[in-house]
Structures are given as C-alpha cells and as structure tokens.
Amino acid sequence: MSVPQYDFKQHQLYKTPEPPFLTGRVDQYQERVARNGSHILKGRRPGDHAVLLVSNDYLALAGHPTIIDAQVEALQTYGHGLLRSDVYRAGAGPLRQFELNLAQLMEAEDTVLCQSGWCANVGLIQSIADANTPVYLDMHAHASLWEGARSAGATPRPFRHNSAQSLERLIQRHGPGVVAVETVYSTSGSMCPLDEIVELAERYGCIMVVDESHSLGLFGEQGEGLTASWGLAGRVHFRTSSLSKAFAARGGIVAGRARNIEFFRYESKTAVFSSGILPHEAVGFQATLVVIAAENWRREQLHHNADILRNALNALDYNVDASQSQIISLVAGPESRTIILRDALESRGVFGSVFCWPATATSRSLVRFSVNCALSEEQLDRIVSVCAEIRDEIGLYNWSSTQRRVLHPLDNGVADQQLNIDGVGGRFQLPDDLVDP
Ligand SMILES: Cc1ncc(COP(=O)(O)O)c(C=O)c1O
C-alpha cells in the first residue's frame with residue numbers, strides 16, 4: 001500500500017496569515033542561516049570509508065548481536081506491551097528487573113526508568129524544586145537541567161564552570177537549594193570536581209543532582225560511573241543519566257534513595273503525563289548492562305583511544321585542554337569558522353558533531369569529536385593527519401581558543417566561562433560574581 005501524496009505548496013494548505021511573534025522568530029533563524037551562507041548543521045553525507053566521531057555510542061554496543069537478539073525475542077514475546085504511563089506499571093517485569101540491576105551497578109538504593117535523559121532531568125528538578133528553591137547550575141550544565149528549573153518555576157542561579165568558590169558565594173547569598181552538575185560535561189569533556197562540590201552542598205544543606213550521562217558505563221571497574229567510583233554514591237541525593245550514550249539506546253534514569261525514587265515515579269510530570277519505556281527496550285538495556293559490567297576492555301580501549309587523540313591534537317596546537325574524557329572539542333568560535341572547519345574535516349572523510357547556538361554561545365561554536373572504543377589505530381592516525389593538514393585552511397592560529405592557549409595560557413579557564421551564557425542559560429541575568437572585571 002502506498003502512502004498518500006499531496007502537494008501542499010500547490011494547494012496552499014496554510015492560508016491564514018501568521019502573527020509576528022511566530023514569523024519574527026522564524027525569520028531570525030532564516031537570516032542566521034543566510035548569513036552563514038550554509039546551514040551549520042547540514043554538512044555532507046559520510047561515505048563508506050568515513051571516520052565517524054558523531055555518535056555517543058562510546059562502547060560500540062549499538063549493533064551488539066546479544067543485545068539485538070534479546071530485543072528481538074522480547075518484541076516477539078511482549079509486542080509493544082501496554083502503551084500507557086508508567087505510574088500504572090504493576091509487579092515485576094523487564095523494566096523493574098533493569099531498574100533493580102542498574103541500582104546495584106550504580107550503588108544506589110533504587111532507580112527509575114525514564115523516556116530519555118531530558119525527561120529524567122526536567123522531571124526531577126521540576127518535582128524537587130519550587131519557586132522558593134534556588135537551583136544552582138554549573139554554567140555548562142545541560143539544557144535539560146535548566147529546563148527543569150524553569151519548569152519548577154524556580155530561579156536558576158548559574159555558577160562558574162567547575163568553580164566551588166563561585167558556587168559557595170551564591171549559596172551564601174541565596175541559601176540552601178538544589179545543586180546540579182555533570183560528572184563529564186558534554187560540550188568540552190571536562191570533569192566536575194565533585195568531591196569539592198559535594199562537600200559544599202553538605203555544609204550548606206543543599207540537595208545534589210549529578211548528571212552521569214557521559215560517565216555511566218564508561219568509568220569504574222564495571223561501569224558504575226564516576227560518582228560511585230569516586231566513593232561519593234552515598235553523598236549524592238540524585239544521579240541522572242541519558243541511556244543514549246554508553247547504553248546505546250533511547251531512555252533515561254534517575255537513581256537515588258528508594259523513597260525519593262518512588263516519589264519521582266508517582267509525582268514527576270514527565271513520569272505521570274507521558275507513556276513509558278517499551279518492554280523490548282528494557283530487555284535491551286538489561287542485556288547491555290550485562291555486557292557493560294563484564295567487558296572492562298571496552299572502557300580501557302575507549303580511554304586509550306581518547307588519550308591518543310587528545311595528545312596528538314594538543315601537539316598540533318589545537319586547544320583541547322578542557323577535555324579530560326572521551327569528548328574532545330575543537331572550538332572554532334563564530335559559526336562561519338565552524339562551517340569552514342566542518343567542511344575541511346568532512347571533505348577529507350572525518351565527521352564530528354557541530355555544536356552551535358542554542359547549545360553554545362554564538363561566538364563559541366565547535367566541532368565535537370566523540371571517541372569510541374572501536375576506532376582502529378589507522379582511523380586515529382587518519383583523524384590526526386587530517387587535523388594536521390587543515391590547520392592553514394581553517395585558520396587555526398586565528399581562533400581565539402588557539403590564541404588563548406598559545407599566547408595567554410593562564411587566561412584559558414577564564415575565557416572558557418563564556419560558553420553557555422547566551423546558550424542554554426540564555427536570557428538570565430548573571431549574578432554579579434560571575435561578571436568578569
Ligand atoms: C549531559 C546530558 N544530559 C542529558 C541529555 C539528554 O539525554 P537524551 O538524549 O536521552 O534526552 C544529554 C544528551 O545530549 C546530555 O548530554
């Protein structure tokens with residue numbers, strides 16, 4: 001049976017004029033695309049031999065035969081299950097089995113499955129904060145954590161990236177609240193000084209929310225994540241994670257004390273008002289968890305590959321100093337420069353992910369390399385030789401990120417603070433202690 005075809009343009013489907021609050025926004029977007037001469041997010045299609053650094057499947061599990069077989073069998077057994085909100089889920093089944101096993105892995109009392117990492121963060125902050133709760137967010141924190149604060153009607157209070165001092169000044173001014181950070185930050189690959197932040201949160205009576213999206217499955221003997229492997233599991237109230245990174249599928253989780261997880265399950269809006277994960281997805285997660293826990297070699301190879309690439313890019317004068325993980329970003333700056341970088345890489349068969357407004361400030365767009373454990377030595381060599389070859393073409397020595405590193409290495413951290421101010425955090429008044437003199 002064929003899908004019906006209808007020529008919408010010819011029949012002028014939308015005849016009613018649109019109000020300026022919509023047309024103005026869309027016009028702005030179109031002007032931005034026109035100014036750049038090319039859509040920053042629409043690059044080339046990768047050919048068969050391209051090296052792909054675009055996926056968050058860090059452990060190369062997306063096509064793992066054991067996981068796929070488990071999912072196929074579950075689909076045949078359960079179909080799509082009962083399509084409804086998870087608040088009506090009763091008794092033990094594949095979803096609950098995964099939640100309990102993941103709790104064991106993460107050293108948490110319990111976990112709850114969510115539809116995505118976005119839903120986990122928005123639902124969590126929305127359900128634990130209100131208009132009177134300050135929500136302290138690292139300036140580089142993921143947009144979903146900011147959105148949770150907005151959804152709670154709370155005032156987001158951004159603090160300098162990875163700065164316990166900046167956080168402390170804010171808490172002293174606004175009182176106890178929710179502190180939200182990531183273990184590994186998704187734009188730069190930097191790591192949170194979690195012990196210092198947790199210590200502060202305890203001293204001032206704050207609740208800690210730690211997003212482990214880019215560390216769960218990737219750090220620790222069995223992939224328990226950074227919070228647990230740093231010995232901080234019992235001192236962090238809530239951990240969240242997307243399952244679309246190391247777990248290589250679509251979903252999210254919240255982990256913590258059992259009574260708090262039960263509260264989230266039955267009261268957060270994302271859990272109550274949206275249908276849950278399907279049975280075969282949960283079975284896939286369970287099979288993935290078994291592989292993740294058993295195959296430490298994947299983590300070792302991942303970090304080995306990331307170290308090789310980071311060191312080589314450093315030696316080529318790329319400013320990748322912020323990266324301490326498998327995420328390595330080339331910060332070209334203005335969008336026009338990032339487009340030149342993207343094209344230089346893609347025309348030579350190397351594909352990274354472009355990050356631009358609203359994920360970064362407009363002046364700090366970048367190409368992110370997500371390293372994975374399946375990259376061969378030859379592929380790593382190819383990435384490095386392409387990055388060496390394009391330096392003049394992309395004007396590497398004119399990038400402010402390069403100049404910061406080569407000419408003013410001591411300013412590196414300060415300049416880095418600009419990243420998400422007008423991006424995910426946009427339209428918020430910066431507190432005085434964040435404004436550089
Ligand atoms: C740190 C972080 N948190 C949350 C999310 C949202 O996860 P998901 O894609 O599962 O909604 C992402 C995804 O980009 C992320 O990087």
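Two strands pair if DSSP finds at least two bridges between them. Helices (H or I, at least four residues) and strands (E, at least two) are DSSP runs, numbered from the N terminus. The model is predicted: local features need pLDDT of at least 70, side-chain atom pairs count only at pLDDT 80 or more, and totals for chains, interfaces and linings use all residues. Residues are numbered from 1 along each chain as its sequence is written.

**View 1. Strand 6 and strand 7 within the sheet.** Strand 6 (residues 207-211) and strand 7 (residues 238-242) run parallel, joined by three bridges. Val209 has Phe238 of strand 7 as its bridge partner. Helix 4 packs on the sheet and touches strand 2, strand 3 (135-138), strand 5 (178-182), strand 6, strand 7 and strand 8 (252-256). Contact requires C-beta atoms, placed from the backbone, within 7 Å. The direction of helix 4 makes about 155° with that of strand 7. Axes are lines fitted to C-alpha atoms, for helices over the stretch in contact; angles run from 0 to 180 degrees between N-to-C directions.

View 2. Seven strands line up in the order 2-8-7-6-5-3-4, with mixed pairing. The edges are strand 2 (110-114) and strand 4 (156-159), each pairing on one side only. From one strand to the next, the twist averages 20°.

**View 3. Strand 4 and its crossover.** Strand 3 and strand 4 pair in the parallel sense over four bridges. Leu137 stands opposite Pro158 in strand 4. A right-handed β-α-β crossover takes the chain from strand 3 through helix 5 (residues 143-152) to strand 4. Right-handed means that, with the strands pointing away from the viewer, the path from the first strand over the helix to the second runs clockwise. Both faces of strand 4 are covered, with Pro156 and Pro158 buried on one side and Arg157 and Phe159 buried on the other. A residue is buried if 20 or more other C-beta atoms, placed from the backbone, lie within 10 Å of its own, exposed if 12 or fewer, and partly exposed in between.

**View 4. Leu167 in helix 6.** Leu167 lies in helix 6 (residues 164-174). Leu167 counts as buried because it has 25 C-beta neighbours inside 10 Å. Leaving aside neighbours within four places in sequence, Leu167 is in contact with Tyr136, Phe159, Val179, Ile197 and Leu200. Ser244 is 77 residues from Leu167 in sequence and 30 Å away in space, C-alpha to C-alpha.

Terms used: Contact = placed C-beta atoms within 7 Å.
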